[in-house]
Amino acid sequence: MTSALLGSGDEERRRLDQVVERVHRIAHILPTTGEILDRASTVEGELSLSPQDAVVYASVAHNLQQDPLPAKVFLNRNSKDFGSPDMKSELARGNCKLLGSFRAGRGFLVRSLS
């Protein structure tokens, strides 16, 4: 039984490593710079965000200005905190869709790649 449990843990680790590798190949990881932290301080009060959400939003908004890709997705299961009209407007200007579930994100990707 002990060897079965150890083998199970090894298998889970192997699968996690595979997923992390796949995400790393296709994901765009947004940096947290001083400029983004400055903007987070501003939007925290303006948009009534928690400090953590302000950093996330400032990073996404900054990336929208920098990235020339024609279509972008902000996938966040906590999308209700990012759904104010001002935020939606800024995301739309950057051709970015706010999606609130991984299922919605998968659907978007499948439709985009078809």
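Biologist: Why does Ser48 count as exposed?
Modeller: Its relative accessibility is 65%. Exposed means over 50% relative accessible area, buried under 20%, and partly exposed in between, with a 1.4 Å probe and protein chains only. Ser48 stands at 65%, so it counts as exposed.

Biologist: What kind of model is this, and how are residues numbered?
Modeller: It is a predicted model, in which local features need pLDDT of at least 70 and side-chain atom pairs count only at pLDDT 80 or more, while totals for chains, interfaces and linings use all residues. Residues are numbered from 1 along each chain as its sequence is written, and side-chain values use heavy atoms, with hydrogens and water left out.

Biologist: Where does Ser48 sit, and what is its phi?
Modeller: Ser48 is in the loop between H2 and H3. Helices (H or I, at least four residues) and strands (E, at least two) are DSSP runs, numbered from the N terminus. The phi of Ser48 is near 55 degrees, a positive value in a residue other than glycine. Most residues other than glycine have a negative phi.

Biologist: What about Asn95: where is it, and what is its phi?
Modeller: Asn95 lies in the loop between H4 and S2, just after H4. Its phi is positive, about 55 degrees, although it is not a glycine.

Biologist: Why is Asn95 called partly exposed?
Modeller: Its relative accessibility is 43%. That falls between the 20% and 50% limits, so Asn95 is partly exposed.

Biologist: Which residues of H4 are buried, and how do you know that they share a side?
Modeller: H4 spans residues 85-93, and Met87, Glu90 and Leu91 are buried there. They cover an arc of only 100 degrees around the axis, which puts them on the same side of H4. The arc is that of the directions from the helix axis to the C-beta atoms. Pro85, Ala92 and Arg93 are exposed on the other side of H4.

Biologist: What covers the buried residues of H4?
Modeller: The cover includes helix H2 (34-46), helix H3 (51-66), strand S1 (72-75) and strand S2 (96-99).

Biologist: What makes a set of residues a nonpolar core?
Modeller: They must be buried Ala, Val, Leu, Ile, Met, Phe, Trp, Tyr or Cys, joined through side-chain atoms within 4.5 Å. The largest such core here has 16 residues. Val43, Leu47, Leu49, Tyr57, Phe74, Met87 and Leu91 have the most contacts inside it. H2, H3 and H4 are the elements that give two or more residues to this core. Its largest share, six residues, comes from H3.

Biologist: Which residues does Tyr57 touch?
Modeller: Contact means heavy atoms within 4.5 Å. Tyr57 touches Val43, Leu47, Leu49, Phe82, Asp86, Met87 and Glu90, leaving aside residues up to four places away in sequence.

Biologist: Why is Asn63 called buried?
Modeller: Asn63 has a relative accessible area of 14%. The limit is under 20%, so Asn63 is buried. Asn63 is found in helix H3. Asn63 touches His28 and Leu30, not counting residues up to four places away in sequence.

Biologist: How do you know that Arg39 and Glu90 form a salt bridge?
Modeller: Their closest N and O atoms are 2.6 Å apart. A salt bridge needs a side-chain nitrogen of Lys or Arg within 4 Å of a carboxyl oxygen of Asp or Glu. At 2.6 Å, the pair therefore qualifies. Arg39 lies in H2 and Glu90 in H4, so the pair ties together parts that are 51 residues apart in sequence.

Biologist: How many salt bridges does the structure hold, and which lie in H1?
Modeller: The structure holds four. One of them joins Arg14 and Glu11, with closest N and O atoms 2.5 Å apart. Both residues lie in helix H1 (residues 2-26), three residues apart, about one turn of the helix. Another joins Glu21 and Arg25 at 3.0 Å. These two also lie in H1, four residues apart.
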